[in-house]
Amino acid sequence: MGIRKALAIGAVVSITALGAIGCTPEDDDSGTKKDKSSSSSSGGSAKGDDKKKDADKSAAKGSQADRFKAFVNKNGTPKEKDAVSHVTKVQGADEVNNLLSTADVYTDYTGGIMGKGTGPAKLLASAFADWKKTDNGGGLVTVYDTDGELLGNGNF
């Protein structure tokens, strides 16, 4: 009987812990989220407001691809500027965490690794490394063609 009580107590504690983890301060009893801007706590949501402001700033600057193109057009070599004109999409550039970061650059080049885009892919990877520097070189950028085939990659 002692083992059954221990198991029952363990189950109750586990369920209670999961319930506590699942509830957040912004949830009300009905399960809907409360508007953070209407809370009257003092200083409790400063981090949330800062994150929202940063997100608003990044959204105002355009997509990741637009920001990458703008950087290369301002700071890149003529060949890098030509290569970046073929970029159609960039993913993962905002999630750089200095530890095993990955990013993807999609282009309108065709032909995969045997096509004409492999040379420019190296330039794009290098330009990306200039744009998104990590402290420990722990990032990998991969460049793809229009069909999603690998063109090249590099560290950043």
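The legends below accompany close-up views of a predicted model.

Figure 1. The protein contains 5 helices and 4 strands. Of its 156 residues, 26% count as buried. Among contacts between residues at least 6 apart in sequence, 53% join residues at least 24 apart. The accessible surface amounts to about 10500 Å², and carbon and sulfur atoms account for 55% of that area.

**Figure 2. The largest nonpolar core of the protein.** This core comprises 22 residues. The residues with the most contacts inside the core are F68, V87, V90, V105, L124, F128 and V141. At least two core residues come from each of the helices α3 (64-75), α4 (78-84) and α5 (118-131), and likewise from each of the strands β1 (87-91), β2 (101-107) and β3 (139-144). Helix α5 provides the largest share, with 7 residues. In soluble globular proteins, nonpolar side chains tend to be buried together.

**Figure 3. Surroundings of V141, a residue of the largest nonpolar core.** When residues up to four places away in sequence are not counted, V141 touches A103, V105, A125, F128, G152, N153, G154 and F156. Two of these partners, V105 and F128, are listed together with V141 among the residues that have the most contacts inside the core.

**Figure 4. The salt bridge between R67 and D94.** The structure holds 1 salt bridge. The side chains of R67 and D94 meet at 3.1 Å, taken from N to O. Because R67 belongs to helix α3 and D94 to the loop between β1 and β2, the pair ties together parts that lie 27 residues apart in sequence. R67 has a relative accessible area of 16% and is therefore buried, the cut-off being under 20%. D94, by contrast, has a relative accessible area of 40% and is partly exposed. Side chains of opposite charge can pair when their charged atoms come close.

**Figure 5. A nonpolar patch on the surface.** The patch is formed by I113, M114 and L150, which together have about 340 Å² of accessible area. M114 is located in the loop between β2 and α5. With a relative accessibility of 75%, M114 counts as exposed, because this value is over the 50% cut-off.

Note on methods
Residues numbered from 1 in each chain as written. Predicted model: local features only at pLDDT ≥ 70, side-chain atom pairs only at ≥ 80, totals over all residues. Heavy atoms only, no water. Core = buried A, V, L, I, M, F, W, Y, C linked by side-chain atoms within 4.5 Å. Buried < 20%, exposed > 50% of the residue type's maximum accessible area, 1.4 Å probe, protein only. Contact = heavy atoms within 4.5 Å. Salt bridge = Lys/Arg side-chain N within 4 Å of Asp/Glu carboxyl O. Patch = residues over 30% accessible without salt bridge, like charges linked within 9 Å, V, L, I, M, F, W, Y side chains within 5 Å. Areas by Shrake-Rupley, 256 points an atom, 1.4 Å probe, with all protein chains shown as cover.
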